[in-house]
Amino acid sequence: MEPSAALLALIVIPLAAAFVLLWVPSERKDWVRYLSAIVGATCFLLSLYVFIAFKTGGDQFPENFDLRIDWIENVGILGEHGISLHLGVDGIAAVMLLLNGVVAFAGVLISWKIENKNKDFFILYWVLVTGVFGTFSSLDLFMFFFFYELAVLPMYMLIAIWGSSTRFPTFLRTKEYSGLKLMMMLVAFSVLIFIAIFATFNEAGLGTFDLTALYGADLDTDFQKWVFPLFAIGAGCLAGLWPFHTWSPDGHVAAPTAVSMLHAGVLMKLGAFAILRLGIQLMPEGAEFWMPALVVLATINIIYGAISAMAQTDFKYVIGYSSVSHMGYVLLGLATLDPVGVNGAALQMFSHGVMTALMFAMVGAVYDQAHTRELAVFGGLAGKMPKFAVYFIIAGLTSVGLPGLSGFIAEFNVFVGTFQDYWWAGALAVLGAGITAVYIFRLLALSFFGQFNEERWGGLKDMTRYEAAGGALLIVFIVFMGLWPDPFVDRISDTVVNHLPGIG
């Protein structure tokens with residue numbers, strides 16, 4: 001198979017699966033599961049093939065990955081390709097496609113036990129996955145936005161129907177509220193991206209939305225300075241950028257397990273990827289002007305998210321605020337505009353994606369049995385659920401940056417890149433890593449060690465074989481990147497050093 005055909009297949013196959021599931025009888029739940037497992041495995045293998053097939057040292061978007069299907073040609077007088085399904089990847093996009101393939105397949109295995117309308121669940125699930133694959137591989141600005149929105153829109157139904165509500169001491173945070181809050185904020189901030197897209201189209205005067213053409217357009221410096229914030233804030237909302245992050249922890253907590261995995265593991269990376277692809281690449285002078293402000297916001301992300309996570313008593317809220325903090329490292333690395341820092345940001349996107357997906361998968365394995373996520377009511381889970389404990393501890397150690405796991409190589413690059421020009425932000429980022437260790441080890445101590453309440457939790461069972469398989473897939477890539485980061489670093493750094501303007 002040609003790599004370009006694989007890119008198209010990554011969009012067509014999950015979308016076709018959603019369509020086929022419409023015709024599967026609702027009572028045939030096993031048919032739904034096995035079909036989704038086949039689709040998930042196929043998407044994973046195709047994404048792995050794209051990752052392996054991508055070779056460094058050539059053009060940013062190699063010709064064998066390039067595929068174009070024209071849709072509307074006469075958008076502008078000068079437009080050779082007005083709007084088209086133009087697919088292609090650079091080294092960063094190849095890594096992100098692999099991330100989506102890994103997490104999507106693991107999510108199918110984790111969702112094996114869903115009984116309530118599982119056909120409807122997987123229809124929406126595959127639409128979401130289609131949007132993510134399309135966004136990471138789209139080289140047309142209009143289609144980029146289309147797939148970006150396609151990835152976001154199913155989230156409300158997935159949360160409102162299959163999610164869970166959280167009862168606090170004085171109020172109830174319903175799943176409907178969390179899903180609606182997520183949808184309203186993300187769609188509202190997407191309007192900023194839409195405005196920036198049409199402003200860029202008009203300013204470039206090329207009559208095309210093709211990104212490869214727009215990257216060569218001579219955009220006025222003042223224009224870049226006022227349009228870049230539209231891209232950065234509009235996409236930064238999805239990336240969890242403070243103070244536009246408030247939808248994120250509530251959305252993480254309310255979502256069903258597989259959706260939490262995709263939400264934190266992949267969807268938040270769409271926001272950071274859009275800042276890089278649309279903001280930094282299209283508006284390099286605007287990015288240089290605004291990046292000190294993004295450094296400040298990203299640093300707040302790191303410290304605020306870590307302190308907030310330390311204060312939580314709910315498993316999922318700890319992970320939700322931890323994701324806000326870890327996305328701060330991604331945003332900080334991008335904001336340095338330093339090759340090492342940007343390289344670290346891309347590595348952190350992959351590392352955090354598989355790590356946080358593993359954490360949410362493990363929490364779901366307990367919540368489905370105990371129907372509570374309160375840290376204080378557990379204790380001694382390591383003795384009762386040893387496989388679960390090992391998986392979660394690996395995820396926790398990845399989060400604190402233990403050498404040999406993926407988190408270390410990613411955060412190390414971010415730190416090195418940040419200290420080049422923003423030593424104070426680098427120092428605070430290291431402090432954030434220290435706070436991360438505090439709340440992760442606190443969580444492990446409260447829930448996994450100590451006295452186990454056999455009378456209350458005696459019925460708990462260890463992970464199912466499907467949960468264990470999904471978690472093992474994620475762990476393979478955590479360890480693989482930690483021990484042999486070269487395949488990831490080579491692809492990312494080649495793109496960053498040789499093809500991204502304004503970095504260096």
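Is Glu115 counted as buried or partly exposed? At 46% relative accessibility, Glu115 counts as partly exposed; here buried means under 20% relative accessible area, exposed over 50% and partly exposed in between, with a 1.4 Å probe and protein chains only.

## About the model

This is a predicted model, in which local features need pLDDT of at least 70 and side-chain atom pairs count only at pLDDT 80 or more, while totals for chains, interfaces and linings use all residues. Residues are numbered from 1 along each chain as its sequence is written, and side-chain values use heavy atoms, with hydrogens and water left out.

## Overall fold

Let's start with the whole chain. Its secondary structure comes to 21 helices and four strands, where helices (H or I, at least four residues) and strands (E, at least two) are DSSP runs numbered from the N terminus. The radius of gyration is 22 Å, close to the 23 Å that the globule rule gives for 504 residues, so the chain is as compact as a globular protein of that length. That radius is taken over C-alpha atoms, and the rule is 2.2 Å times the number of residues to the power 0.38.

Along the principal axes, the C-alpha atoms fill a box of roughly 75 × 55 × 45 Å. Of the 504 residues, 63% are buried.

## Salt bridges

The model has six salt bridges, each a side-chain nitrogen of Lys or Arg within 4 Å of a carboxyl oxygen of Asp or Glu. One of them joins Arg33 and Glu115 (2.8 Å, N to O). Arg33 lies in helix 2 (residues 29-53) and Glu115 in the loop between helix 3 and helix 4, so this pair ties together parts that are 82 residues apart in sequence. Arg33 is buried, with a relative accessible area of 6%. Asp30 joins Arg33 and Glu115 in a network of salt bridges.

Lys113 and Glu467 also meet in a salt bridge (2.3 Å, N to O). This pair links distant parts of the chain, with Lys113 in the loop between helix 3 and helix 4 and Glu467 in helix 20 (residues 465-483), 354 residues apart. Lys113 is partly exposed at 35% relative accessible area, whereas Glu467 is buried at 3%.

## Backbone details in loops

A few loop residues deserve a look. Trp242 and Pro243 are joined by a cis peptide bond, with omega about 5°, and Pro243 sits in the loop between helix 9 (221-238) and helix 10 (247-254).

Lys117, although not a glycine, has a positive phi of about 50°. Leu337 likewise has a positive phi, near 55°, and counts as buried at 10% relative accessibility.
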